[in-house]
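Trainee: Please take me through one part of this structure closely, and then through the parts that can be described along with it.

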Amino acid sequence: MEQYAIKGGTPLVGEVEIGGAKNAALPILAAAVMTDETVHLDNIPDVRDINVLLGAMEAIGVIVRRESRHQVTINAANIHNLIVEDDNMRKIRASYYLIGALLGKYRKAEVTLPGGCDIGCRGIDQHIKGFRALGAEVVLEHGMIRTHSDRLVGNHIYMDLVSVGATINVMMAASMAEGKTIIENAAKEPHVVDVANFLNSMGANIKGAGTDVIRIKGVSKFHGTDYTIVPDQIEAGTFMFGAAITHGDVTVKNVIPKHLESISAKLIEIGCEVMEEDDSVRVVSSKPLRRTNVKTLPYPGFPTDMQPQITVALGLAEGTSIVTESIYENRFKYVDELTRMGANIKVESSTAIIDGVSKYTGADISAPDLRAGAALVLAMLSAEGFSTIDEIKYIQRGYEDFHLKLKKLGADIELVESEKDVSKFKLRAI
Ligand code: EPZ
């Protein structure tokens, strides 16, 4: 089984190129089926979740051409099936974006429901509420969500909670409904704005994305487009925290510094220097890390997808820090693994109380999910001695070439496949 072998203790130093945002690329790929004309997409990250979605799209008749590693051409003129039943789709949350896209274009969609997840219960009631408000019938049965409608008609929809997925899904369907839709209490994440910009580039009429209220005038047809996905805020944030945790000096390139403000602000609070340029941010960590408190919130608050990374950093900060998770109920599972590396953290429901320690020590552990997996790798890079982490398929769902990018920054990390490889790595690294 693939795992990473790591020898800790080397600061991350250098420049790292950030890829396109997975969480923007997923809905944009799904939305690309809403036109019969060809769509050219650039800056698509080469990560597992994207490849699973592309496979499911091909299975219903979408022609997908990988022009290069990050460029994909989509043509959905010959979709022959509105039932998306790919087994792998249950494993990715973003499978549900095909519902909004297909419902908008064909007034019908049946998609395998996303399965359980390791970070807590993840409802889809707001998606369903939005589709029903547009006039669709929605039933959940046999592990599928089935929707259809003779007419989709715009409506005034108030989301009960701020949901990235529901905002995007309803926005997609509404952009091809008759008349006007207003989505109130909408999510404001950069990827929501990116999807709206993409839909507009295909001929949609969407205003207000990035604010609480999105206004949509439905149109009947979309056309082809060329579009480049925004840089990945969370990949960038992960490397920025990598600099903090290993006391390094890392410049993340090809980013939008505005999207990173809540992350930069916390890094400054804990004692790092952060220097912004037009499309890069440099983080230098030369002093001991300081304690702070943080609560995850929808954008522009501190992202839940950065919660494990900041917890790993605060585990090494002087004093007591408190991290409160307000988006997911079960996103501290990785703390048990971090404790095995010497962290002193107590979790009480949605709060982690962290007493900083002076160092982590290497251990053999498993990645519990995508972001926690990446955060534990950062902990290992700072730790004394050797570590291994398995179940890295989770990390590969959302980080392209994670170990190669870390290696380029000076990390002593290898992708290994057997215990023999681990022993070889240890012998070499002693
Ligand atoms: C997106 O998930 C991201 N995934 C997540 O990233 C991210 O953590 C999350 O947004 C929050 O920023 C993708 O974009 C593919 P939500 P999403 O709908 O859309 C509850 C990563 O690591 N909720 O904003 O599923 C839900 O249970 C992943 O890349 C309902 O109750 O998130 C959660 O507690 C992990 N009913 C909260 O809202 C609904 O109908 C936020 O969920 C919808 C959501």
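Mentor: Leu 26 belongs to helix H1, which covers residues 22-31. In this predicted model, Leu 26 has a relative accessibility of 4%, so it counts as buried; the cut-off for that word is under 20%. Which residues does Leu 26 touch, if neighbours within four places in sequence are left aside? They are Asp 49, Ile 50, Leu 53, Ala 94 and Tyr 97. A further distance can be given for Leu 54: its C-alpha atom is 9.1 Å from that of Leu 26, and 28 residues of chain separate the two.

Next comes helix H2, made of residues 48-59. H2 lies across strands E4 and E5, and its direction is at about 140° to E4. Those strands are part of an open sheet of four, ordered E4-E5-E3-E14, with mixed pairing. E4 (63-68) and E14 (225-228) are the edge strands; each has a single partner, so one side of each has no neighbour in the sheet. From one strand to the next, the twist averages 20°. Inside the sheet, E3 (residues 39-42) and E5 (residues 71-75) run antiparallel and are joined by three bridges. Leu 41 has Val 72 in E5 as its bridge partner.

Another helix, H6 (residues 190-201), lies across E3 and E14 and runs at about 160° to E14. H6 contains 12 residues, and its first and last C-alpha atoms are 16 Å apart, close to the 16 Å expected at 1.5 Å a residue. Its buried residues are Pro 190, His 191, Val 192, Asp 194, Val 195, Ala 196, Phe 198 and Leu 199. Just after H6, Gly 203 has a positive phi of about 110°.

H6 also has a helix beside it to consider, H5 (residues 164-174): the two axes come within 10 Å and cross at roughly 10°. That crossing angle makes H5 roughly parallel to H6, because angles under 35 degrees are classed that way. On the H5 side, the residues in this contact are Val 164, Thr 167, Ile 168, Met 171 and Met 172. They meet His 191, Val 192, Val 195, Ala 196 and Leu 199 of H6. Sorted by class, the contact has eight nonpolar residues, two polar ones and no charged ones. The H6 residues named in this contact include Val 192 and Leu 199, and both of these are buried.

How values were computed
Residues are numbered from 1 along each chain as its sequence is written. This is a predicted model: local features need pLDDT of at least 70, side-chain atom pairs count only at pLDDT 80 or more; totals for chains, interfaces and linings use all residues. Side-chain values use heavy atoms; hydrogens and water are left out. Two strands pair if DSSP finds at least two bridges between them. Helices (H or I, at least four residues) and strands (E, at least two) are DSSP runs, numbered from the N terminus. Axes are lines fitted to C-alpha atoms, for helices over the stretch in contact, and angles run from 0 to 180 degrees between N-to-C directions. Contact means heavy atoms within 4.5 Å. The expected span of a helix is 1.5 Å times one less than its number of residues. Buried means under 20% relative accessible area, exposed over 50%, partly exposed in between (1.4 Å probe, protein chains only). Angles under 35 degrees count as roughly parallel, over 145 as roughly antiparallel, 65 to 115 as roughly perpendicular and the rest as oblique. Ala, Val, Leu, Ile, Met, Phe, Trp, Tyr, Cys and Pro count as nonpolar, Asp, Glu, Lys and Arg as charged, and the others, Gly among them, as polar.
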